[in-house]
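I opened my notebook to look up a few helices and some loop residues. My entries follow in the order I made them.

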Amino acid sequence: MRGERYQYALIALSILVIGMVSIFFYREVNPEYKQFQKAYVAMEDFRSEITGVSPPPFAMGVKQIVIKEGKGPETIDRCTSCHVALEVEDFSPTTLERDINDNLVLDENGVPKQVPNPSYIFKKLDEKIASLGEGPEVERLKKLKTIEAGGKTYDASKILKMHPLIGKERRPFEFHPLDQYGCTSCHSGNERALTIEKAHGPVFDGEYEISYEGPKPQFLELDPNDPAFSRMFNDKPGHSILFQTTPILIGPLIEARCVQCHRPDEARFESAKERLALLARDREEIQKELTRAVDQEINAYLTYFELEQLVQTAGFDKAKEQLNERSQNYRLSQEERKSALGQLRLLMRGEKEALKIANERQVALLGSQELVDQLGEELKKGEKV
């Protein structure tokens, strides 16, 4: 009888061990980060379906950035294992606005203006779903909008998203290269983690598991030798995120990390003369940006005006032919070829649509239709504007 109990116990323990090994094996073969990578690949396949352009190569696996900091140990940043579209423009809901001459449109502070991105992949996905109505294909496409990972459902457009442009950036990470700074230098978080909860902390309201783990440590003196959790610590977290001592910073709190690098240089601000010199330099740079922006707007207006005159005098088909020749005439300057190419692209929309857009852009640049008509008459007469 005792032997049978031992046998039953052995069988039960064997089943338990097999179950635990199976769970471990499943998690190793199918980790959370791979769900986001698979979703990215699926979105690239969808983009390939609608554009006819082959998807870019992508290797599945852990992505990490090794950052060397002085003489200390390297920082291993693995955030890009999930956030794989940080530098892909089609995953951004906005894009930089450009005029007909392909120049960036700047605001009064010299910051590039942003407009809705016509190539935004999730917008294309919504348009495709709306055009199909109902059916299995629609259900397949709808599944691309969400990602199942770790027992939770995530909005794919929030995970698979290009990093927003900061300040005067023309491209993501222009001033803070990703391979030099990583993600956690600004956003905090557990840079080595490969699961959502351990990397971010609790991301769903009401799911922060609190348990008693002893008193919260209090460090009264600012000592650079203090451990990292002396500055950011989750108050009595549950066992699943006990070691998540650097939670993600949200919204404006991200700017709190800037001071780690952007510290005032005492020598630089030693005298009032130096401060004034810096202010003068900044003002000069702003003036240059404003002058450049005004020149670009003037050139854009003249390009639209010239396009209208060319269509009226030469005719629509002849105008396209002339612009095509000018865009490929390498005796002309690069700016002249760019201008001709921009005009040609506009005419490809059709005569009526092109002239309508040209007039709307002139009104936007000058402020009213009356000014457009008045300036147009003066230019036709050859008067100085």
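This is a predicted model: local features need pLDDT of at least 70, side-chain atom pairs count only at pLDDT 80 or more; totals for chains, interfaces and linings use all residues.

Where is the place of Ser339? I found Ser339 in helix H11.

Then I looked up its contacts, setting aside neighbours within four places in sequence. Ser339 touches Asn101 and Thr303.

**Entry on H10 against H11**

I turned to the partner helix. H10 covers residues 316-327, and H11 covers residues 334-347. They pack at an angle of about 145°. Their axes are 8 Å apart. The crossing of H10 past H11 is left-handed.

Which residues of H10 meet H11? I listed Phe316, Ala319, Lys320, Leu323, Asn324, Arg326 and Ser327. On the H11 side I listed Glu336, Arg337, Ala340, Leu341, Gln343, Leu344 and Leu347. Sorted by class, this contact has seven nonpolar, three polar and four charged residues.

I compared this with my H11 entry.

**Entry on H3**

H3 runs over residues 121-132 and has twelve residues. I read 17 Å from its first C-alpha to its last, close to the expected 16 Å.

Which residues of H3 are buried? They are Ile121, Phe122, Leu125 and Ile129. These four cover an arc of only 95° around the axis, which means they sit on the same side of H3. I wrote a reminder beside this: an α-helix has 3.6 residues a turn, so residues three or four places apart point the same way.

I then looked at the other side of H3, where Ala130 and Ser131 are exposed. Just after H3 comes Gly133, with a positive phi of about 80°.

**Entry on H13**

I repeated the checks on H13, residues 369-380. Its twelve residues should span 16 Å, and the end C-alpha atoms are 16 Å apart, which agrees. Val372, Leu375 and Gly376 are buried in H13. Seen down the axis, they fall within an arc of 105°, so they line one face of the helix.

**Entry on positive phi**

I first noted the background: most residues other than glycine have a negative phi.

Phe173 has a phi near 60°, a positive value, and is not a glycine. I found Phe173 in the loop between H5 and H6 (178-181). Its relative accessible area is 12%, so Phe173 is buried.

Ser188 also has a positive phi, of about 65°, and is not a glycine. Where is the place of Ser188? I found it in the loop between H7 (184-187) and H8 (196-200). At 3% relative accessibility, I put Ser188 down as buried.

Notes:
Residues are numbered from 1 along each chain as its sequence is written. Side-chain values use heavy atoms; hydrogens and water are left out. Helices (H or I, at least four residues) and strands (E, at least two) are DSSP runs, numbered from the N terminus. The expected span of a helix is 1.5 Å times one less than its number of residues. Buried means under 20% relative accessible area, exposed over 50%, partly exposed in between (1.4 Å probe, protein chains only). The arc is that of the directions from the helix axis to the C-beta atoms. Axes are lines fitted to C-alpha atoms, for helices over the stretch in contact, and angles run from 0 to 180 degrees between N-to-C directions. A crossing is left-handed if the near helix is turned anticlockwise from the far one by less than a right angle, and right-handed if clockwise. Contact means heavy atoms within 4.5 Å. Ala, Val, Leu, Ile, Met, Phe, Trp, Tyr, Cys and Pro count as nonpolar, Asp, Glu, Lys and Arg as charged, and the others, Gly among them, as polar.
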